[in-house]
Amino acid sequence: MSSLPRRDAMNAAATSAAVAALAVLALASSRGEEGSTMRTPRGIDRDLGKLTPGFRRRVERVLARMQARGFDAVVWEAWRSPERAAKLAAKGTGIALSMHTLGIAVDIISRKNRWDAGPEFWQALGEEYEREGIVWGGRWRSGDNPHGQGVTVAQQGIARAATREQLEMMTA
Ligand SMILES: [Zn+2]
């Protein structure tokens, strides 16, 4: 940053302050409406506090930027228990050793339209994930549009064997 002209540095600081403020608003609004339109089914955990700190910060910026772009993005699921992951795997709608169980994956959907968010929503979400260096499931053959994770598919094996501290470093 020190090599940037002073005005650019100030703009960058102003932008990150604005994004941080939006993140607070996005979280406040998702909390406020949780009880009504976004009832959380049993077993589904939306608590960003169970994600690694670095991954959480990036997810908060994605939510803030989606809101700033006029998209009603909300977290559907964050951390997932190994029991729930095993159940989903048995149904064929997930994998047992999901990155969700490590606290380094999140699913974001539209508050109003849920999984029928439409191509513009998914395109914007993919852009914002990737801007934060988050791997977007929308690029996979499975087309998992809501899904974003902190490591690449090639790194998943390493992530599964990693300690919590190592995971935090991998997703810092
Ligand atoms: Zn997911």
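**Strands, helices and what covers them**

Author: Gladly! Let's begin with a pairing: strand 2 and strand 4 are antiparallel partners, joined by three bridges. Within that pair, Val 106 has Gly 148 of strand 4 as its bridge partner. Keep in mind that this is a predicted model.

Reader: What makes three bridges between strand 2 and strand 4 a pairing?

Author: Two strands pair if DSSP finds at least two bridges between them. Strand 2 and strand 4 have three bridges, so they count as paired.

Reader: Which way do strand 1 and strand 2 run, and how many bridges join them?

Author: They run antiparallel, and four bridges join them. Val 74 sits opposite Ile 109 of strand 2, while Ala 73 has Ser 110 of strand 2 as its bridge partner.

Reader: Why is strand 2 called mostly covered?

Author: A residue is called buried if 20 or more other C-beta atoms lie within 10 Å of its own. Six of the six residues in strand 2 are buried. Ala 105, Asp 107 and Ile 109 point one way, Val 106, Ile 108 and Ser 110 point the other way, and all are buried. In a regular strand, side chains alternate between the two faces of the sheet. Strand 1 is mostly covered too, with five of its five residues buried.

Reader: Which residues of helix 4 are buried, and what puts them on the same side?

Author: The buried ones are Phe 121, Trp 122, Leu 125, Glu 128 and Tyr 129. They cover an arc of only 130 degrees around the axis, so they lie on the same side of helix 4. An α-helix has 3.6 residues a turn, so residues three or four places apart point the same way. On the other side of helix 4, Pro 119, Glu 120, Gln 123 and Arg 131 are exposed.

Reader: What do the buried residues of helix 4 pack against?

Author: They pack against helix 2, strand 1, strand 2, strand 3 and strand 4. In helix 2, the buried residues include Phe 55, Val 59, Val 62, Leu 63 and Met 66, and also Arg 58 and Glu 60.

Reader: What makes a group of residues a nonpolar core, and how many residues has the largest one here?

Author: Such a core is a set of buried Ala, Val, Leu, Ile, Met, Phe, Trp, Tyr and Cys residues joined through C-beta atoms within 7 Å. The largest one has 32 residues, and Leu 51, Ile 104 and Ile 108 have the most contacts inside it. Helix 2, strand 1, strand 2 and helix 4 each give two or more residues to this core. Helix 2 gives the most, with six residues. Ile 104 touches, among others, Leu 51, Phe 55, Met 99, Val 151, Ala 159 and Leu 167.

Reader: Why is Met 38 called partly exposed?

Author: Met 38 has 16 other C-beta atoms within 10 Å. Buried needs 20 or more and exposed needs 12 or fewer, so a value in between is called partly exposed. Arg 114, with 13 such atoms, is partly exposed as well. Met 38 lies in the loop between helix 1 and helix 2, and Arg 114 in the loop between strand 2 and helix 4. They are 76 residues apart in sequence and 9.5 Å apart in space, C-alpha to C-alpha.

Reader: What is the phi of Arg 114?

Author: Its phi is near 55 degrees, a positive value in a residue other than glycine. Most residues other than glycine have a negative phi. After helix 4 comes Gly 133, with a positive phi near 75 degrees.

Reader: Where does pLDDT stay under 50?

Author: Over residues 28–36, for which the model has four contacts beyond four places in sequence. Where pLDDT is low, the predicted coordinates should not be read in detail. The protein chain averages a pLDDT of 86, and 78% of the residues score at least 70.

Key
Residues numbered from 1 in each chain as written. Predicted model: local features only at pLDDT ≥ 70, side-chain atom pairs only at ≥ 80, totals over all residues. Arc of directions from axis to C-beta. Contact = placed C-beta atoms within 7 Å. pLDDT = per-residue confidence, 0-100.
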